[in-house]
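Trainee: Hello! Could you walk me through this structure, one question at a time?
Mentor: Gladly. Let us look at it together.

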Amino acid sequence: EKGHTNDCSFMSWGYNPFYTEKTPFHGSYMAVIESVCKLIATGASFEDVYLTFQEYFERPGKDPKRWGKPMAALLGAFKAQKDLKVAAIGGKDSMSGTFENLDVPPTLVSFAVTTGKVSDVVSPEFKKAGNKLYLISPEFDENGLPVTESLVATYNKLTGLMRSGAVEACYTMGMGGIAEAIMKMSFGNGLGVSLNDTLSINELFGYNYASFVVEVNTDLDEKQIGVVTECKEITYGGEAVNLNELLGIYEDKLESVYSCYIPDT
């Protein structure tokens, strides 16, 4: 018998090779955080989130320092699981990431999954000119890691705003920070952004993991970072970048390999 369901699956991933190369513990911890944040940013709730990992490291041989990298990475991921009370229910590991004198960076990719309702999904592209943009962030400890209680409270706050209909779009930060989030959110509907001049360059391009950029149709008691505009450009500090130029740079990098522009026949 045919039927209809509003149920759906949420899946995401998290990993930064540059961060993890510098500190496998922090990089793996934040890989878990990033993967879970991506679920929350798309409208999923924090309950019943599960993980699976993909690990890949250089061949350790008998070098204690090489053995220390997977140990630190796994400890970071384990601490993240304990802090968030979410479990990794599967994974794949490899110690064969060495070819002659070339080694892979310490790699622990976190994949997060959960289920939810299609009606709860929030897409990342900007929806309407005039809507305000806010940055929602948890507190961080002295080691640069998010305070667990504050992070979970941030998840719950964001989910509550989404369920109330206040959130039009949401994006959680990756390697490019706020700047990357704003750029990709602008591409979807060709809407621009006027960013607040009070934002520093470090705030714009810093990692900012565990934080969220939200487009809302109301006022929030959070840090406002800009407003959505009709203009096809991103403005900041008296300068403007054209969205069409940005999109060309973004897409043309792989155009010769995976073509997006296929002529009609």
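Trainee: Is Glu125 buried, exposed or partly exposed?
Mentor: A word on the source comes with this: the model is predicted, so local features need pLDDT of at least 70 and side-chain atom pairs count only at pLDDT 80 or more, while totals for chains, interfaces and linings use all residues. Residues are numbered from 1 along each chain as its sequence is written, and side-chain values use heavy atoms, with hydrogens and water left out. Buried means under 20% relative accessible area, exposed means over 50%, and partly exposed lies in between (1.4 Å probe, protein chains only). Because its relative accessible area is 22%, Glu125 is partly exposed.

Trainee: With which residue does Lys127 form a salt bridge?
Mentor: A salt bridge here is a side-chain nitrogen of Lys or Arg within 4 Å of a carboxyl oxygen of Asp or Glu. Lys127 itself is partly exposed because its relative accessible area is 30%. The closest N and O atoms are 3.7 Å apart, and the partner of Lys127 is Glu125.

Trainee: How many salt bridges are there in the whole structure?
Mentor: One of them joins Asp83 to Lys79, with the closest N and O atoms 3.3 Å apart. A search of the whole structure gives a total of 12.

Trainee: In which helix do Asp83 and Lys79 both lie?
Mentor: Helices are DSSP runs of H or I with at least four residues, strands are runs of E with at least two, and both are numbered from the N terminus. Lys79 counts as partly exposed because its relative accessibility is 33%. Asp83 and Lys79 are four residues apart, about one turn of the helix, and that helix is α3.

Trainee: How far apart are the closest N and O atoms of Glu58 and Lys69?
Mentor: Glu58 is buried because its relative accessible area is 7%, whereas Lys69 is partly exposed because its value is 32%. The two residues form a salt bridge, and the closest N and O atoms are apart by 2.9 Å. This pair links distant parts of the chain: Lys69 is in helix α3 (64-84), and Glu58, 11 residues apart from it, is in the loop between β2 and α3.

Trainee: Is Pro70 buried or exposed?
Mentor: Pro70 lies in helix α3. From Pro60 it is 10 residues away in sequence and 9.1 Å in space, C-alpha to C-alpha. Because its relative accessibility is 6%, Pro70 counts as buried.

Trainee: In what order do the seven strands of the open sheet run?
Mentor: Two strands pair if DSSP finds at least two bridges between them. The pairing in this open sheet is mixed, and the order is β8-β10-β7-β11-β9-β12-β13. At the edges, each pairing on one side only, are β8 and β13.

Trainee: Which residue in β11 is the bridge partner of Ser194?
Mentor: Strand β9 (residues 192-195) and strand β11 (residues 223-229) pair in the antiparallel sense over four bridges. By contrast, β9 and strand β12 (residues 233-236) run parallel, joined by two bridges. In β11, Ser194 is partnered by Val227.

Trainee: Which residue in β13 is the bridge partner of Thr235?
Mentor: β12 and β13 pair in the antiparallel sense over four bridges. The partner of Thr235 in β13 is Ala240.

Trainee: Is Ala210 buried or exposed?
Mentor: Ala210 is in the loop between α6 (201-205) and β10. Its phi is near 75°, a positive value in a residue other than glycine. Because its relative accessibility is 1%, Ala210 counts as buried.

Trainee: And is Asp48 buried or exposed?
Mentor: Asp48 sits in the loop between α2 (24-41) and β2 (50-56). Phi of Asp48 is near 60°, again a positive value in a residue other than glycine. Because its relative accessibility is 57%, Asp48 counts as exposed.
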